[in-house]
Amino acid sequence: MKEKQLGLTPAMGWNSWNTFTWDINEQLIHDVADKFISEGYKDAGYEYIVIDDCWSLKERSKEGKLVADPEKFPSGMKALADYIHDKGLKFGMYSCAGTHTCAGYPGSFEHEFQDAELFAEWGIDYLKYDYCFKPRYISGELLYKRMSLALKNSGRDILFSACNWGADNVYQWIRESGAHMYRSTGDIQDNWDSIKNLSVSQLDKECYTGAYCHNDMDMLVVGMYGGSNNDFIGSKIGGCSDNEYKTHFSLWSIMGSPLMIGCDIRKANQITKDILLNQDIIAINQDIEGRGAYRIKPEPQWFNADDAFMLVKTLTNGDLAIGFFNLSDSQRELSLQFWDMGLPYASGISLSMYDCWEHKEIGVFKERYAPVVPAHDCIVVRAKLVK
Ligand code: GAL
């Protein structure tokens, strides 16, 4: 019997790539699964533990099967899946629509049904599917349809996470392909410019995200502090301030992106945990109707709106999640007029605001609310309509 809820809300979990890239092994994955339980990640909703690129041997077996690297994963993938499942968690893997993965390991091109069967045998619950080495004579759209169909017929519920970096007009065809989430941006880096650029690039893409097929802005860099083993992601120039990580998590949450942790959670400090485990923010991300957020430009209108704006997400119970984001380099007052959210003054209705980072009521406001937001920071409120 298929689980009907697969992919309903954005996936939550952990992925090995941002911090560890090629340096992955069985012990690391065990430790992450253990921390999911002991540190409260599972209770907060994080579910999937995903191994990214570099897990296999460079060649398929004589029968054409993918083979897990026996040095990195001596007990094999089935045993690893069992370990993760025993903790009530789910196990994710990685492959590629092309002939090779981005790091040069075998991809699933022309092996789609065979690989999906193997993943199901191993007990995989999630497949991230990359876009490197895709032969130019075939469309990506067709290749994502192939793997989607293969997974849906593998006999196991496997969440399909497409990763073609927002290329080839993916917005126009990915939902129909059957994918549950899809990368809509290039790769994230552990620095403020990357966080800012990725979010701004997605402001006009929010109309495409929604239940069962979520716009994926890439894995989180919260708590990495430059701790990647990879120069591109940020081992040399990387690292953000805690406020920047808080803003990053708020943007990804309200914009409906999957929340895939990318830091080394074995070493996460208290601030990192306070960010990643913030139930008020997670509730906005996981709201069941899964609506995208719309942008409101602050008044007055001459204000530069690309680096300072409000994002509003309509929630299932009628509340509004409102993020006041100041991505600019100096403090700003962000003035929100309630008429911009469909609330006329004449209605007599006010908004009762709850601060999702301070975890306390702010008060009841009529017509407008205009907080001052420090540079690179944000305020996220949950607003209830009151007479
Ligand atoms: C990229 C992908 C990254 C990571 C990497 C692995 O294409 O966007 O998230 O999976 O490949 O080589």
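Before you start, know that the model is predicted: local features need pLDDT of at least 70, side-chain atom pairs count only at pLDDT 80 or more, and totals for chains, interfaces and linings use all residues. Residues are numbered from 1 along each chain as its sequence is written, and side-chain values use heavy atoms, leaving out hydrogens and water.

**Stop 1: the ligand.** You will find Trp17, Asp52, Asp53, Tyr94, Cys102, Ala103, Lys128, Asp130, Cys163, Trp165, Arg183 and Asp187. Six of this shell are charged, six are nonpolar and none is polar; here Trp, Tyr, Cys and Ala count as nonpolar, and Asp, Lys and Arg as charged.

**Stop 2: polar contacts.** Now look for pairs of N or O atoms within 3.5 Å. Show the side chain of Asp187, where a polar atom sits 2.5 Å from an oxygen atom of the ligand. Finish with Trp165, whose polar side-chain atom is 3.0 Å from an oxygen of the ligand. How much of the ligand's own accessible area of 310 Å² does the protein cover? The protein covers 95% of that area, by the Shrake-Rupley method with a 1.4 Å probe.

**Stop 3: the largest cavity.** Select Asp53, Cys54, Trp55, Ser56, Leu66, Tyr94, Ser95, Thr101, Tyr105 and Pro106, which line the largest cavity. On a 1 Å grid over the protein atoms alone, a cavity is a set of points where a 1.4 Å probe fits but cannot get out, and lining residues have an atom within 4 Å of a point. The lining has six nonpolar, three polar and one charged residues.

Methods:
Near = heavy atom within 4 Å. Polar contact = N/O pair within 3.5 Å; in protein donor to acceptor, adjacent residues only side chain to side chain. 1 Å grid on protein atoms, 1.4 Å probe; cavity = no way out; pocket = protein on both sides within 12 Å on 5 of 7 lines; lining within 4 Å.
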